[in-house]
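I opened this entry to note what I looked up, step by step. The sequence and structure come first.

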Amino acid sequence: MQSDGAMCAALVDANSGMTLGRTGTGLDLDLAAAGNTEVVRAKMKTMKSLGLNDAIEDILITLGKQYHIIRPVASKPGLFIYLVLDKSKSNLALARRNCQEAEQALSL
């Protein structure tokens with residue numbers, strides 16, 4: 001939540017779609033976590049079908065007024081960070097970097 005324009009964030013279990021932790025306001029994070037779990041699963045399935053032996057760094061969804069960043073936690077497969085930003089107040093490159101740093105600093 002240190003990124004300019006950050007509205008809310010969550011740590012999500014991609015196996016169940018459950019929110020494990022959250023901060024901020026402006027969105028129903030439980031609903032968003034469940035829906036974005038399907039996004040992560042679909043991308044993983046597509047990568048497997050294409051024979052791509054690679055890892056997702058992040059998934060960016062750009063809306064008219066918001067950025068949504070989904071970042072799988074490399075050290076804990078099955079978890080991802082979900083960050084929502086106000087597009088008019090944020091720097092996307094900086095937010096992606098901050099999200100990466102948060103992932104690396106995460107201790108579970």
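**Starting at the middle strand**

The model is predicted, so I kept its limits in mind: local features need pLDDT of at least 70, side-chain atom pairs count only at pLDDT 80 or more, and totals for chains, interfaces and linings use all residues. Residues are numbered from 1 along each chain as its sequence is written, and side-chain values use heavy atoms, with hydrogens and water left out.

I then looked up the whole pairing. Strand β1 (residues 6–13) and strand β5 (residues 79–86) run antiparallel and are joined by 7 bridges. Strands count as paired if DSSP finds at least two bridges between them. A6 stands opposite L85 in β5.

On to β4. It pairs with β5 over 7 bridges, in the antiparallel sense. Here I70 stands opposite Y82 in β5. The hairpin of β4 and β5 has 6 residues between the strands, and G78 takes a positive phi near 100 degrees.

**The sheet and the helices**

I listed the elements. The protein has 2 helices and 5 strands. From the N terminus on, they run β-β-α-β-β-β-α. Helices (H or I, at least four residues) and strands (E, at least two) are DSSP runs, numbered from the N terminus.

In what order do the strands of the open sheet lie? The order is β2-β1-β5-β4-β3, with antiparallel pairing. β2 (18–24) and β3 (59–62) are the edge strands, each pairing on one side only. From one strand to the next, the twist averages 15 degrees.

Next, the helices. Helix α1 (residues 29–49) lies across β1, β2, β3, β4 (66–72) and β5, and runs at about 120 degrees to β5. Helix α2 (residues 92–105) packs on the sheet and touches β3, β4 and β5. The direction of α2 makes about 30 degrees with that of β4. Axes are lines fitted to C-alpha atoms, for helices over the stretch in contact, and angles run from 0 to 180 degrees between N-to-C directions. Contact means heavy atoms within 4.5 Å.

**What is buried**

Is β5 enclosed or open? I found 8 of its 8 residues buried, so β5 is largely enclosed by the rest of the structure. Buried means under 20% relative accessible area, exposed over 50%, partly exposed in between (1.4 Å probe, protein chains only). L79, I81, L83 and L85 point one way from β5, while F80, Y82, V84 and D86 point the other way.

I checked the cores. A nonpolar core is a set of buried Ala, Val, Leu, Ile, Met, Phe, Trp, Tyr and Cys residues joined through side-chain atoms within 4.5 Å. The largest has 15 residues, and those with the most contacts inside it include V40, I70 and F80. β1, α1 and β5 each supply at least two residues of this core. α1 gives the most, with 5 residues. Neighbours within four places in sequence aside, V40 is in contact with I59, I70 and F80. A second, separate core of 13 residues includes A9, V73, L79 and A95.

**Overall numbers**

Buried residues make up 40% of the 108 residues. The C-alpha atoms fill a box of roughly 40 × 25 × 25 Å along the principal axes. Among contacts between residues at least 6 apart in sequence, 45% join residues at least 24 apart.
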